[in-house]
Amino acid sequence: MIEFKSVTKQYQGGQPAVDQLTMSISPGSITVFVGPSGCGKTTSLRMINRMVEPTSGVITVGGKDVTSVPAPELRRSMGYVMQSSGLLPHRSVLDNIATVPRLNGVSKSEARKRAAELLDVVGLASALGKRYPSQLSGGQQQRVGVARALAADPPVLLMDEPFSAVDPVVRDELQQELLRLQKDLAKTIVFVTHDIDEATVLGDKVAVFATGGKLAQYATAEEILRAPANDFVASFVGRDRGFRHLGFTASDGVAVHQVPTVVRSPGGAFESEPGRGWQLVVDEAGRPLGWTGPGSGTGIIPGGSLFKPGESLRRALDAALSSPSGLGVAVDSEGRVLGVVRGGEVLALIEEARQVRQAAL
Ligand SMILES: Nc1ncnc2c1ncn2[C@@H]1O[C@H](COP(=O)(O)OP(=O)(O)O)[C@@H](O)[C@H]1O
Ligand SMILES: [Mg+2]
């Protein structure tokens, strides 16, 4: 059982990122945090394993205040999967999976043996164990990320938009795989997503967060769909219900805008222009690698799903919603950047399509 008791997180000089969060998460279940970008999902998740410390309030796991456990120890006792697989590029897949058991003092041969078993558990061929992360597809990398998080057999698994950067078909596969795994594993999983579809597919319970870090509703998916607690939840859910049939509506009318890009050299260096806002980092062939943004320093922030003009509005919207900049990246058939789509403009087209559809009914 994970409990939040009046937990608030306020970063310097801002509105609360998380505001008086009180909720209990049942063991052995999947709890999903869902909500628009910036509503405090990641911050809430990271307070569970003390990657972020609350400003006030208490979090307990199994009845024990998390601050009573040294942070590194606590972190190793919980699996963590994020949007970019976070794999170490110069280590083989097997060694990546074995990282935490090794830190916990398990012998190299024992850790590798367990890692090989885990490859199978997450549905990867054993031959992939010797490869390096860059030699795997995005979906395969996320599977390795899940295997790595499971390696120390932690009772708690924290997952922050783990499937957001893969395309929707692979995302569906990964969701089904996670449900299949969970049947056997019965871990306590806290899963963050911006996608209400994903939340309703995966969550035993769903926590809808509203802007300002407030918990708007915490209930089963069925209840949230049937009886949204307030206008915010109704519009968040309803908007998405409106999307559902848009899977087949072509995105032909969506404007693709220019975006400032910076090229990363093969050595890994790139120079962003300070004060320019969000800039897209691309490789020398013009394929997107991620974003550099206000305050992101020298790192690349992983981007969201990609979108090819002509695909559905749903995919255009997903690209925008899953992107840290709020701009969805459009690519050509070779995967090179064409420009960006704006979430607001995609939404306007969706609204238009909905009205046309309604008029036709
Ligand atoms: N390290 C940080 N410093 C300052 N503000 C932050 C930091 N991390 C997150 N925030 C702010 O806190 C709010 C919640 O962020 P986050 O938890 O990342 O939201 P979500 O995961 O729902 O998109 C946002 O307004 C964000 O800008
Ligand atoms: Mg987040």
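**A helix pair and its surroundings**

Modeller: Helix α6 passes helix α7 in a right-handed crossing (the near helix is turned clockwise from the far one by less than a right angle). This is a predicted model: local features need pLDDT of at least 70, side-chain atom pairs count only at pLDDT 80 or more, totals for chains, interfaces and linings use all residues, and side-chain values use heavy atoms, without hydrogens or water. Residues are numbered from 1 along each chain as its sequence is written, with chains lettered from A and ligands numbered from 1 in written order.

α6 covers residues 138–150 and α7 covers 168–185. Their axes (lines fitted to C-alpha atoms, for helices over the stretch in contact; angles run from 0 to 180 degrees between N-to-C directions) come within 11 Å and cross at roughly 20°. That makes α6 roughly parallel to α7 (under 35 degrees). On the α6 side, the contact uses G139, Q142, R143, V146 and L150. Facing them in α7 are V170, E173, L174, E177, L181 and L185. Contact here means heavy atoms within 4.5 Å. An α-helix has 3.6 residues a turn, so residues three or four places apart point the same way.

Now the sheet. Four strands form an open sheet in the order β2-β1-β4-β5, with antiparallel pairing (at least two DSSP bridges per pair). β2 (16–25) and β5 (64–65) stand at the edges. Each has a single partner strand, so one side of each lacks a neighbour in the sheet. β4, residues 56–61, is joined to β5 by two bridges, and the two run antiparallel. In that pairing, T60 stands opposite D65 of β5.

Helix α1 (residues 41–48) packs on this sheet. α1 touches β1 (2–10), β2 and β4, and its direction makes about 125° with that of β1. Six of the eight residues of α1 are buried, so α1 is mostly covered (buried is under 20% relative accessible area, 1.4 Å probe, protein chains only). The buried ones are K41, T43, S44, L45, M47 and I48. Just after α1, R50 takes a positive phi of about 65°.

One more residue deserves a look. T31 lies in strand β3, residues 30–34 (strands are DSSP E runs of at least two residues, helices H or I runs of at least four, numbered from the N terminus). T31 has 0% relative accessibility and so counts as buried. Neighbours within four places in sequence aside, T31 is in contact with M23, I25, I189, V190, F191, K205 and Y218.

Conventions: Angles under 35 degrees count as roughly parallel, over 145 as roughly antiparallel, 65 to 115 as roughly perpendicular and the rest as oblique. Buried means under 20% relative accessible area, exposed over 50%, partly exposed in between (1.4 Å probe, protein chains only).
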